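Hello,

Here is the structure I promised to pass on. Please open it alongside this note, and my findings follow below.

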Amino acid sequence: AVVSTQSTGYQQSGNVPLRGTGTGLLTLPAWDSKNLWKGYLSKDDYKRSVNPPEQFYATANNLIQDPDKPCVITYPAMPTRVNRISSILRERSNLTVQDMMEFQSDTFSLIADQTIPLLAPYLPATGIGSELWSWDRRFQVDSRPAALWFLFWAELTRTVGSVLVGEENYELLNPPVFNKYSFYKFTVEAVERGSVDGRPLGPLLQGSLERSLRQYKEGMVYGDLRSYFSKNIFFSGKLPAWFGLDVGPYPTNSGLEVLKVGSVDTYLGAPCVFTQTWRFVTDMSTTLLHSILPGGPSGNVFSNIYKREIDNYVNEIYKVLQV
């Protein structure tokens, strides 16, 4: 966004091709002329706005194009994160740098807040069922109800995916992160509609909850299900631990639908993890930058700053730079 004393403007940038086929998500044979690019989008296809009524702009990898315009983002994210950003900005004014740093760590789940009331007929009145009902909808590594929610949502996603494409096909399609994200989105849409492919949602919610309650172990917390190693990008965990190139495991309170976005998964038997990387906040009226790196400023494994910011990254402590 560009801000002056009189106007606020947003101009989407890029140089997106007009593809003959496909969306750009998967590779296609270039020797087939039908797959070749046919030029580029015109400047009028990109999002442009001046002085919005909300007096702010919010994006989170979501689809921002008008319905009659081509999709510029190859794989748009669910609107849950941008909706959360927008709701915070509508409620707050006179935001500070500290506020913005807290936003980057926000783990409130709008999906959980929307779905849990639908579970009322099926939740146990005591124990972990009662805890899920009164849960604050925030992912924290020491949260028991967040752990149950994670198990429940995984079961519901599997159920919705199996209804849509069949159980066997779901298992084939699910491992890649982008496909799992698709089924995640389909599940959100099912909750909003109250049905899946014409089937009422209630029995699917009940079955998914019952299976997740059986999976939940007494005392289990969210961090037990969501932890990762930070590995050297070149050696990728192949060297003994005493070399000190890899660090962890670290529990994370990230999630696919929250502002502190992240996923801890497996693909083809190997860990498949993504989390927030470089974090950056600045007040443009000052010359100070606040940032964290998920590692250190040097790629040299023998450098004393190779892992300097790991602890700050895990504990969400920003360094301050003067420019």
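With which side chain does the side chain of Ser105 make a polar contact? The partner is the side chain of Glu316, at 3.1 Å. Please keep in mind that this is a predicted model.

**The loop between α2 and α3**

Start with Ser105. It is found in the loop between α2 (97-104) and α3 (110-115). With a relative accessible area of 15%, Ser105 falls under the 20% cut-off, so it counts as buried. Beyond its neighbours within four places in sequence, Ser105 is in contact with Lys260, Arg279 and Glu316. The C-alpha atoms of Ser105 and Val261 are 8.9 Å apart, although 156 residues separate the two along the chain.

Now move to Thr107. Its place is also in the loop between α2 and α3. Is Thr107 buried or exposed? Thr107 is buried, with a relative accessible area of 2%. The side chain of Thr107 reaches the backbone oxygen of Phe139 at 2.9 Å. Leaving out residues up to four places away in sequence, Thr107 touches Arg137, Arg138, Phe139, Gln140, Asn253, Val258 and Lys260. Thr107 and Ser254 lie 147 residues apart along the chain, yet their C-alpha atoms are separated by 6.7 Å.

Next, the helices. Two packed helices are described by the angle and the distance between their axes.

Take α4 (residues 127-134) and α5 (residues 144-165) to begin with. Their axes come within 9 Å and cross at roughly 95°. That angle lies between 65 and 115 degrees, so α4 and α5 are roughly perpendicular to each other. From α4, the contact uses Ile128, Glu131 and Leu132. From α5, it uses Arg144, Pro145, Leu148 and Trp149. By class, the residues of this contact are 5 nonpolar, no polar and 2 charged.

α5 also packs against α8 (residues 201-215). How are these two helices set? The angle is about 135°, and the axes are 8 Å apart. That makes α5 oblique to α8. Their crossing is right-handed. α5 supplies Leu148, Leu151, Phe152, Glu155, Leu156 and Thr159 to the contact. α8 supplies Leu204, Leu205, Ser208, Leu209, Arg211, Ser212, Leu213 and Gln215. This contact of α5 with α8 has 8 nonpolar, 4 polar and 2 charged residues.

Leu148 of α5 is worth a look on screen. It takes part in the contact with α4 and in the contact with α8.

Best wishes

Definitions and conventions: Residues numbered from 1 in each chain as written. Predicted model: local features only at pLDDT ≥ 70, side-chain atom pairs only at ≥ 80, totals over all residues. Heavy atoms only, no water. Helix = DSSP H or I, 4+ residues; strand = E, 2+ residues; numbered from the N terminus. Buried < 20%, exposed > 50% of the residue type's maximum accessible area, 1.4 Å probe, protein only. Contact = heavy atoms within 4.5 Å. Polar contact = N/O pair within 3.5 Å; in protein donor to acceptor, adjacent residues only side chain to side chain. Axes fitted to C-alpha atoms, helices over the stretch in contact; angles between N-to-C directions. Parallel < 35°, antiparallel > 145°, perpendicular 65-115°, else oblique. Nonpolar A, V, L, I, M, F, W, Y, C, P; charged D, E, K, R; others polar. Left-handed = near helix turned anticlockwise from the far one by under 90°.
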